[in-house]
Amino acid sequence: MLTKKLPPLQRFLSLVSRRASHAARQQYDVIVVGGGHAGTEAAAAAARVGAETLLVSQKIQTIGALSCNPSLGGVGKGQLVREVDALDGLCGRAGDWAGIHFSILNRSKGPAVWGPRAQLDRQRYRTFIQSELLSTPRLTVLEGSVEELLLSETNPEEPGTHRVTGIRLANEGTPISASSVILTTGTFLSGSLFVGQNESPGGRIGDAPSSAGLSHTLRERLGLRVGRLRTGTPPRILKDSVDLSLAHLHPPDSHPTPFSFLNTHTRCKPEEQLPCYLTHTTPGVERVVKESLHLNCHIQQDAKGPRYCPSIESRVVRFPGRQHQVWLEPEGLTSDLLYPQGLSMTMPPDIQLRLIREIPPLHRAEIHTPGYGVQYDFVCPTQLSPALQVKSTQGLFLAGQINGTTGYEEAAAQGLWAGVNAARSALSMPTVALSRTESYIGVLIDDLVSRGVTEPYRMFTSRAEYRTSLRPDNADLRLTLKGFEEVGCVSPLRYQEAVRVRDSLQEAQAALQTLSLSSPKWRKALPDMRMSETKNTLLTGMDVLQYNDVTFEMMSSAFPESLSRHMEFAQRLKIEAVYKPHCDLQKKEIERIQKEENMSLPQDIDYLTLPVSMSQEVREVLDRVRPSTLGAATRLEGMTPAAIVHLLNYVRTAAQRERRTQRHQKEEREREMCAREAS
């Protein structure tokens, strides 16, 4: 996979041009509108399922472009990338091809919350995605702007009050028909760009604005509830103008970890990777922000921005007097630009330059492209089914930022699942859903359709109740088999590899379980293992592998005849062993929560000072809404499964303490009465 020869952009445009000449007179099963992360995954997934698919993009050259940060993955997000890959999606393999700095975030914590991440070469990533689309059977690409959706009479055998049957392109009268249409409009749906006090229509700088007709169709003709969100991007800085000696060097991992289960290595060799650099804001940055707020109309708007990736203006206003991290990230192996992660801003360009020069490594920096803000429409996602189909409209599916999310990974995950279901619907197959018990994609979709959003949604590991089971290392076992056998979006090649891995892991675990020795014999076989001398019980190999200082390599050396042939899966076996008791405990804990969901919550709880582990966001939500029961608390926007568990344990402990106090008070009163009677 990593040695394939990719076609040049000219060939891509030529082939697209030839395909496009036939698009207007063809009937398609699925039409995908938008060529970003959601759109490319949706189009490829629909075609893999077997649907004749048309991908419509306003600008062919930007298909697969990294619109904002040149990176993929991270905590929570890396899990999504691995799951998209397990379902035969594109972004994981593209990340392995284009990555120039690989690292595992959260490595100091357990493997369940590790975050695979990579800095990417922008050109390489876009080239890979375009190459994959070219080689996908049943997929046609067309350049154009969608003016409106075609509506017709509903199918009385299906739910819904409207039915979408295709699209009409701007400036063209000829309709293009399809059984299913997927909208992945990103920030282009009635998008507006902001720099200082200037506002212009558009969803990305350098690209034409989308047609206003599409937004009008959603609002007026389909009657969907539509809201407004905002985001932003930092200025791009010329690398040669930055003094990197004044920043903290952060090297990549010495052994890059691929995103894709099909890859054993990345295209970029370990020694070819580029470092990132860390610096911080100064009081001068805060001064420039405060002095220029009156010149910044974007920050004064009511539209909600991303809580977890705010602009520098929002950070200064919300957290005055603090120092903020700024990561200086490479944009490519040969790029002369740096991406200053953490400096998203929308002030006038001359003030942006003043601001960045208040940061020591950037004191002589030059801006190549100024930062800017974007506001755009989104459709309230509670109007969607778990298949990402609009409940009231037959044949219409939505994915990506149009559903109120933020981030490439969240968009890719939704795009893939919308593509799967749009294709299945068009081919008269039932739609399918992913449970939040089996995938982060299921968590993402369930959160969107059941809770909705009040701000751009970002994935975190804390959103998943079953995160010790939903690990990055086992996404193939959780999803690839289902993707082939039940969904139809996985190739036979990937399926065969997943079956091989599953069977090999089961065989290895059986060998470990069969290896049963007493504690003294284990200490003799593994002299470096720290096991209590007083322990004298029978332990299996899986039990021993749970010890922190025991590796599968050590066990294989001690018992080569039964374990050495399983060395390929050494790390995965270690992780499986470590998490086995955690997974068992987690299942019992969730069952306990379900039984006690109706537990009443005392109305006098001081959530802001509650002595349990909760984020400030969760505390504020609980304090504002003050739910009467634990069940009501679970459905609040922003609540995390971990917070519910901590709240449950606190209330149970407090109730037990209250009962003990009442019992002691009763016993004390009885003793006093006995004493009075005796006297």
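The largest nonpolar core of this predicted model comprises 112 residues, a nonpolar core being a set of buried Ala, Val, Leu, Ile, Met, Phe, Trp, Tyr and Cys residues joined through side-chain atoms within 4.5 Å. Buried denotes under 20% relative accessible area, exposed over 50%, and partly exposed the range in between, with a 1.4 Å probe and protein chains only. The residues with the most contacts inside this core are Ile31, Leu149, Ile167, Leu183, Leu218, Leu396 and Trp417. Helix H10 (residues 408–426) gives the most to the core, with 11 residues; helices (H or I, at least four residues) and strands (E, at least two) are DSSP runs, numbered from the N terminus. A second, separate core of 24 residues includes Met529, Met531, Val550 and Ala577. In soluble globular proteins, nonpolar side chains tend to be buried together.

Leu218 illustrates the packing. Leaving aside residues up to four places away in sequence, Leu218 touches Leu149, Leu183, Leu189, Gly223, Leu224, Val379, Leu396 and Ile402, where contact means heavy atoms within 4.5 Å.

Residues are numbered from 1 along each chain as its sequence is written. Local features need pLDDT of at least 70 and side-chain atom pairs count only at pLDDT 80 or more, whereas totals for chains, interfaces and linings use all residues; side-chain values use heavy atoms, with hydrogens and water left out.

Strand E2 (residues 53–57) is largely enclosed by the rest of the structure, because 5 of its 5 residues are buried. In a regular strand the side chains alternate between the two faces of the sheet. Both faces of E2 are covered: Thr53, Leu55 and Ser57 are buried on one side, and Leu54 and Val56 on the other. Strand E1 (residues 27–33) runs parallel to E2 and is joined to it by 4 bridges, two strands being paired if DSSP finds at least two bridges between them. Within this pair, Val32 stands opposite Leu55. Between E1 and E2 the chain passes through helix H2 (residues 37–49), and this β-α-β crossover is right-handed; that is, with the strands pointing away from the viewer, the path from the first strand over the helix to the second runs clockwise. E2 is also joined by 5 bridges to strand E6 (residues 139–143), again in a parallel arrangement, and Leu139 of E6 is the bridge partner of Thr53.

Another sheet is open and antiparallel, with 3 strands in the order E3-E5-E4. Strand E3 (71–73) and strand E4 (99–105) are its edge strands, each pairing on one side only. E3 and strand E5 (residues 115–120) share 3 bridges, and Ser71 has Gln119 as its bridge partner in E5.

Glu83 lies in helix H3 (residues 77–86). At 0% relative accessibility, this residue counts as buried. Its contacts, not counting residues up to four places away in sequence, are Ser439, Tyr440, Ile441, Ala475, Arg478 and Leu479.

The cysteines remain to be considered. A search of the whole structure finds 0 disulfides, a disulfide being a pair of cysteine sulfur atoms within 2.5 Å. For Cys276, the nearest cysteine sulfur is that of Cys268, 12 Å away. Cys276 counts as buried because its relative accessibility is 5%. The sulfur of Cys489 is 13 Å from the closest cysteine sulfur, in Cys91, which is too far for a bond. Cys489 likewise counts as buried, at 1% relative accessibility.
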